[in-house]
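Thanks for coming, everyone. Let me put the structure up, and then I'll walk through a few spots.

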Amino acid sequence: MAELNKLQRCYHCGALLQSTDPKKEGYISPDIIEKYPEGLLLCNNCYKTERFTNIPKEASFDEEYTKILDVIRSKKALVVYVVDLFSFEGSFINKIITMLEGIDVLVVANKRDLLPANLDDNDLKEYVSHRLRVAKFNVIDTVITSTNNGGYNLDEMFKLIAKYSEGRDVYFVGASTSGKSALISEFLKQYLNNTSKMIVTYTFSNTNLRGFRIPITNKTYIYETPGTSTDNSLISKVERSVYNLITPKKEVKGKKITLTKGTCLLFGSLACIELLSKEKTVLYAYVSDKVELKSHKSLVGDNAKYVANIFEKGSLKPASERFKSIKDFDVYEFQVTEDGQRDIGILGLGWINFVGNKQTFRICVPKGVYVYTTRSKVKNDF
Ligand SMILES: Nc1nc2c(ncn2[C@@H]2O[C@H](COP(=O)(O)OP(=O)(O)OP(=O)(O)O)[C@@H](O)[C@H]2O)c(=O)[nH]1
Ligand SMILES: [Mg+2]
């Protein structure tokens, strides 16, 4: 029951949440509180009537893809796991992790150009490897790359693939838009075919899934697999014009902002993070430079109006035609329990970095977009 202290009010009707009397206003089932201790949001009644999706979720998984993973497993192939450093949290799909258990994974952490130039690559490498190992990937090595601006560490990546493939097939796996095709096209620029086989577009057995197959010896190949779903990312939820604005094209520099109790930070007309607790918090926001960042006084107490006022008019850019009314948004509450530098992120949009000090944040995002909190990827001086 102590958990109830965290929950406070239902974000839709504003009733005080309680789990003692189902007939009274603000009732929330105790099992929901136990299941989602990160903090929630809606009384049972609002949950039922509004059908809010209030669970941060991972991307969906295409069952056909298991057929490719089965082959990778049976061959004990080398997996080149491509992750997008800007949208790193989109890289974790439980089913893939489970199916690749015990398989050697070379991690290619791509889009280095989007992170601050002064960041130490070794720290980044350590961060990425650690996170993937904790997720139970069998990481044998990690390389930080970029295909932009003439390429970064691509030769090192090619060397590592040659080193670790050891007569095995190699599969490029990773979320859609992580950069697999871009990396393979860089590979092809320096590739010399010394085999009797051809490069083909290959259809994976018993599937409709296709990708390049490039011979590396007369018996082994590099396979490009289709990207896994990013349907929990903002990039897959907004229209093309908005996608182009939220996807950074160059180095993302942290923008320093101070939040005080009851103020929120707006990310265009797409999301907002509000500080509910009293500790003044300095943060650095990492988003595309096309996303307007603005601090705003919260309209506490009437959430429907609060979100509507901010997003309905779409006055800050970018704004999506698909997300305008309160019903189009999910609202989460995070209570920070860890010390040290933390991130709270909105997948596909960016993240904030701050020092954990038991703050409570309320985060409002387009429905179905994954919101996460982790130890920080890019550290700042506070
Ligand atoms: N900034 C930056 N953008 C990159 C980099 N590599 C790829 N991109 C861009 O990211 C987008 C997706 O790249 P792709 O290579 O098509 O990604 P993919 O993994 O093949 O995606 P799927 O085919 O959907 O699985 C494109 O717009 C690329 O230009 C990089 O190193 N830095
Ligand atoms: Mg591709």
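Start with helix α4, residues 65-75, where Tyr65, Thr66, Ile68, Leu69 and Ile72 are buried. Buried means under 20% relative accessible area, with a 1.4 Å probe and protein chains only. Helices here are DSSP runs of H or I, at least four residues; strands are runs of E, at least two; both are numbered from the N terminus. Down the axis of α4, the buried residues fall within an arc of 155 degrees, so they line one face. That arc uses the directions from the helix axis to the C-beta atoms. They pack against β1 (78-84), α5 (94-99) and β4 (170-174). Contact means heavy atoms within 4.5 Å.

A word on the basis. This is a predicted model: local features need pLDDT of at least 70, side-chain atom pairs count only at pLDDT 80 or more, and totals for chains, interfaces and linings use all residues. Residues are numbered from 1 along each chain as its sequence is written, chains are lettered from A and ligands numbered from 1 in the order written, and side-chain values use heavy atoms, leaving out hydrogens and water.

Back to α4. Lys76 follows the helix, and its phi is positive, near 50 degrees.

Next, Ser269. Where is Ser269? In the loop between β9 (263-267) and β10 (271-275). Ser269 counts as buried because its relative accessibility is 1%. Its side chain reaches the backbone oxygen of Leu316 at 2.6 Å. Leaving aside residues up to four places away in sequence, Ser269 touches several others, including Ile310, Phe311, Pro318 and Phe329.

That's it from me.

Technical notes:
Buried < 20%, exposed > 50% of the residue type's maximum accessible area, 1.4 Å probe, protein only. Polar contact = N/O pair within 3.5 Å; in protein donor to acceptor, adjacent residues only side chain to side chain.
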